[in-house]
Amino acid sequence: MSEVEETLNRIKTHKGVKGIIVVDSEGMPIRSTLNPTETQKYAAALSELTLKARNTVRDLDTTNELTFLRIRSKKHEIMVAPDKGYILIVIQVPNDDE
């Protein structure tokens, strides 16, 4: 099993994880644990949001870069970890006790 597969499997075992998506630099899904419709919806929206957040961070300070983006709503928490060639997206259901 590859290191990527091991990492994805480890993330999947965390409590509340609804899905994991890995997208390439163009926003195209490479791997996902969600159904194709949800995968496409999340991949498109979060790739665009990540690009905007990355540009905003650079506009504010040219020596800085986006390393992590966390979005929390009433129903979900979405964590985005951008890298050079891909973006890792983890969607989870937040705990009620927080």
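Which residue in β2 is the bridge partner of Val22? Here are some friendly notes, with that one answered in point 3.

1. Ground rules. This is a predicted model, in which local features need pLDDT of at least 70, side-chain atom pairs count only at pLDDT 80 or more, and totals for chains, interfaces and linings use all residues. Residues are numbered from 1 along each chain as its sequence is written, and side-chain values use heavy atoms, with hydrogens and water left out.

2. Overall layout. The protein chain has 2 helices and 5 strands, and from the N terminus on these elements run α-β-β-α-β-β-β. The radius of gyration is 14 Å, close to the 13 Å that the globule rule gives for 98 residues, so the protein chain is as compact as a globular protein of that length. That radius is taken over C-alpha atoms, and the globule rule is 2.2 Å times the number of residues to the power 0.38. Helices (H or I, at least four residues) and strands (E, at least two) are DSSP runs, numbered from the N terminus.

3. Strand β1 and its neighbours. To answer the opening question, Val22 has Arg31 as its bridge partner in β2. β1 and β2 (residues 29-32) pair in the antiparallel sense over 3 bridges; two strands pair if DSSP finds at least two bridges between them. The two form a hairpin with 4 residues between them, and Gly27 in the turn has a positive phi of about 90 degrees. β1 also pairs with β5 (residues 86-92), in the antiparallel sense and over 7 bridges. There, Gly19 has Ile91 as its bridge partner.

4. Buried means under 20% relative accessible area (1.4 Å probe, protein chains only). Across the protein chain, buried residues make up 33% of the 98 residues.

5. The largest pocket. About 210 Å³ of space lies in this pocket. A pocket is an open set of points on a 1 Å grid over the protein atoms alone, where a 1.4 Å probe fits, with protein on both sides within 12 Å along at least five of seven lines; lining residues have an atom within 4 Å of a point. α1 (3-12), β2 and β5 each supply at least two lining residues, and α1 gives the most, with 5. Val22 and Arg31, the pair from point 3, are among the lining residues. By type, the lining divides into 7 nonpolar, 1 polar and 2 charged residues.

Notes:
Grid points are joined across faces, edges and corners, and a volume is the space filled by probe spheres set on the points. Ala, Val, Leu, Ile, Met, Phe, Trp, Tyr, Cys and Pro count as nonpolar, Asp, Glu, Lys and Arg as charged, and the others, Gly among them, as polar. Buried means under 20% relative accessible area, exposed over 50%, partly exposed in between (1.4 Å probe, protein chains only).
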